[in-house]
Amino acid sequence: MLQFTKFVIIRAALAVMTLVLVSFIVFSLMELVPGDCAERYLAFKNSQGSVISLADIDAERIRLGLDQPYIKRWGLWIINAFQGEFGDSCIQRLNISQLLGQKFWLSLGICLSSLVLAYVIAIPVGIIAATSKNAFLNNSLRLVSYMGLALPNFLLALMIMLFSTIVFHDSLTGLFSKEFRDAAWSYDKAMDFLGHVWLPIFILGWSATAFAIQTVRALMSDEVGKLYVTAAEARGVSGRRLLMRYPARHALSPIINSLGFDLNRIFNELPIVALILTLTEAGSLLIQALARSNDQQLAGAIIFMLTASIVTLNFLTDVVLALTDPRVRRSIVG
Amino acid sequence: MSDMTDTAATVDQKQKEAYFTASQGQLIWQRFKKNKSALIGAWVLIILILSGIFSPFLTPYDPTIAGRNKEYMNGAPQVPIFWDENGFSARPFIYTYERTRSIKTNFRWVTEEKNDLEDRRYVEFFAEGTPYTFLEFNVNLPGKALDFRIPGFEFDTHLFGVDKGMIHIFGTDETGKDIFSRTLTAIKTSMAVGTIGVFIAFVMALAIGGIAGYYGGWIDSALQMITDTVRTIPSIPLFMALAAFIPDTWSAEARFFFISMVLGFIGWPTLARRIRTHLLTERNQEYVLAAQLCGASAKHIIRKHLLPSFTSYIIVDLVISFPYMVLSETALSFIGLGLKDPVNSLGVMLQNVTSADVLLNYQWYFIPVIFFITLVLAFVFVGDGLRDAADPYSDSK
């Protein structure tokens, strides 16, 4: 138990260190964007008709603390970031945590659901593919997983929209129907939401599933051929019991280990799918922040939060693995 | 009799010798040849790459706005036929289209097909058309000093064309640009972006992974920490942040190089990790120890023993990472943050297909998608085949 506690503490410290490094990279990149927050806001005001002088820009810089040295501002940013506070957005002048709030959790929920969907499909299918001798089944599964790689999610989303526009005359976009868009959460709204949200979950889960099937299949076929499986078979264990008790348990830990990178891959697809399906969550907010208005404060906050959720997931999966596998515990603690 | 067994034995001996003395690359190639789907993928890939390289010759028109057909905008694909109710023709032909606007059409532009005998347009091979050049390089980087130009060879023969007017076998887009010409050019662009991206990623990965793998120790740990951190940051959102740097005033070529560079910078961590692992495992092999005991210098060992032992694996890794570069570029151009007109890529071509109008009426906008799925699939098949072939244990499975 002591060993486990030690493992969790060291692993948590590593996770925090990673986040600090991430924050440094993200913060530096946001600093490199030509122009700073003060200029951007006043340029925006200028376009609204107010007259702006150089002195105004300097005053705004001092108000925002942009005259402070780089390291100090980074330090402030990271300390606030760990408390979930990212300051105000450059252009909209709204508090970023409020602006993101529900949207971020909604998109994280969608991504995690598609991750769950991917593995709910991939684990049984991958195990069957690795153990079955049926050539037709194997080949068609291979084809499906290749399609998952070759048909990127945004093309799949386009195809589904093309199909549903022609067949149902409804392009299946958005997360809510019109009448619920600004309504408070209720049973009806939740039902409406569930009626819409399956599509992004499915589309995001599509290539994740294909990847996952390949991983599960490769790991399982590695394990099935090993001697301990033959030995168990010789002792009279057979069928599903054999698969679940011996090779599947071994194949599981690398899968749990790679969950964080799967989430990363889904985050990569999120903004583009969100744009096509015109979802109003963090993904498309990111596009707005970057492409439309160059809002570096908002963009930095979103990238940091996305990375933070990946790091958290990595931490959690490592803790779960350490609980079940003593070798993992020993790997860090020694 | 004894003579025959003798020759059989020599043949066997020779085969064994060939096997044991074969280089890593020869072994991989032998295993790769056995994999049918990978071989088919390789052929498809070669055809696509060649059609990309020779796209100016294979396509009838200029893919940019210069090659537009004002008479045939949003036009459906024109399939050459051999006969109609007016009779048979040995030469394939298409019909003339005319845009008209009159009281009959409620004063809206309508494209009318004229299928009389005299309105046939016959398909010509090796037709003369707009001039194009091969091996011409026009590098126009930000800053005057970096610009240079290599004039190439000029031609004006195209594989096919029609005797009157224009032919669009994949239809045209909203400004009248030929989709077939654009598709083949887009393949070329995507391959070029992918190549530059992979190259930059490879150089960075070789430097960082190489240092980490060769020195080991705390340098390795520190570099690993950085690599892993970069790997956790979702690359497309980060790329979007970087792409927002690009000022609107940059030329299309400058954007093109910038995008390829950024793709390379994003792609290096995975490759670096692989190179490090290769180096770490190879470094502790017995043949390296043997060379060291013989008194070989570090330089000699790296050049003569370590590098040849994993170059083939690195090539495999590069092929595998290629389609992801192409896909990232496509996705980014699609949302308007990557390449822009007049540079053509699939993403650029798909930029405006989400509107219901296109989805319902102009489905031929999706023809290039088939080409790109084929391209990526071919890469995936070849990459998978190469990976299996490079795995020394794949035979025993």
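**Helix packing and the A–B contact in a predicted two-chain model**

Me: Which helices of chain B have axes that come within 10 Å and cross at roughly 150°?
Reply: They are helix 8 (residues 252-283) of chain B and helix 10 of chain B, whose axes come within 10 Å and cross at roughly 150°. Helix 8 of chain B is therefore roughly antiparallel to helix 10 of chain B. Axes are lines fitted to C-alpha atoms, for helices over the stretch in contact, with angles from 0 to 180 degrees between N-to-C directions. Angles under 35 degrees count as roughly parallel, over 145 as roughly antiparallel, 65 to 115 as roughly perpendicular and the rest as oblique. Helices (H or I, at least four residues) and strands (E, at least two) are DSSP runs numbered from the N terminus.

Me: What should I know about the model and its numbering?
Reply: The model is predicted; local features need pLDDT of at least 70, side-chain atom pairs count only at pLDDT 80 or more, and totals for chains, interfaces and linings use all residues. Residues are numbered from 1 along each chain as its sequence is written, while chains are lettered from A and ligands numbered from 1 in the order in which they are written.

Me: Back to helix 8 and helix 10 of chain B: is the crossing right-handed or left-handed?
Reply: Helix 8 of chain B passes helix 10 of chain B in a right-handed crossing. A crossing is left-handed if the near helix is turned anticlockwise from the far one by less than a right angle, and right-handed if clockwise.

Me: How do the residues of that contact divide?
Reply: The contact of helix 8 of chain B with helix 10 of chain B has 10 nonpolar, 6 polar and 4 charged residues. Ala, Val, Leu, Ile, Met, Phe, Trp, Tyr, Cys and Pro count as nonpolar, Asp, Glu, Lys and Arg as charged, and the others, Gly among them, as polar.

Me: And how do helix 3 and helix 5 of chain B pack?
Reply: Helix 3 (residues 36-53) and helix 5 (residues 179-215) of chain B pack at about 105°, with their axes 7 Å apart, and are therefore roughly perpendicular to each other. Leu48(B), Ile49(B), Ser51(B), Gly52(B) and Ile53(B) of helix 3 of chain B make the contact with Leu184(B), Ile187(B), Lys188(B) and Met191(B) of helix 5 of chain B. Residues are in contact if their C-beta atoms, placed from the backbone, lie within 7 Å. By class, this contact has 6 nonpolar, 2 polar and 1 charged residues.

Me: How many helices and strands does each chain have?
Reply: Chain A has 15 helices and 0 strands; chain B has 13 helices and 7 strands. Of the 334 residues of chain A, 36% count as buried, and buried residues make up 36% of the 397 residues in chain B. A residue is buried if 20 or more other C-beta atoms lie within 10 Å of its own, exposed if 12 or fewer, and partly exposed in between, with C-beta atoms placed from the backbone.

Me: Which parts of chain B touch chain A?
Reply: In total, 29 residues of chain B are in contact with 39 residues of chain A. Helix 6 (217-232), helix 7 (235-243), helix 10 (298-334), helix 12 (356-361) and helix 13 (367-390) of chain B each supply at least two residues of that side. The largest share, 7 residues, comes from helix 7 of chain B. By class, the side of chain B that touches chain A has 24 nonpolar, 5 polar and no charged residues.

Me: Which residues touch the most other members in the largest nonpolar core?
Reply: Of its 136 residues, they are Phe154(A), Ala157(A), Val273(A), Ile303(A), Phe239(B) and Val376(B). A nonpolar core is a set of buried Ala, Val, Leu, Ile, Met, Phe, Trp, Tyr and Cys residues joined through C-beta atoms within 7 Å. Not counting residues up to four places away in sequence, Ile303(A) touches Val26(A), Ile233(B), Pro237(B), Leu238(B) and Ala241(B).

Me: New topic: is Ala130(A) buried or exposed?
Reply: Ala130(A) counts as buried because it has 23 C-beta neighbours inside 10 Å. Ala130(A) lies in helix 5 (residues 96-131) of chain A. Leaving aside neighbours within four places in sequence, Ala130(A) is in contact with Arg217(A), Met220(A), Ser221(A) and Val224(A).

Me: What about helix 5 and helix 12 of chain A?
Reply: Helix 5 of chain A packs with helix 12 (residues 259-276) of chain A at about 125°, their axes 10 Å apart. The two helices of chain A are therefore oblique to each other.

Conventions. Two residues are in contact if their C-beta atoms, placed from the backbone, lie within 7 Å.
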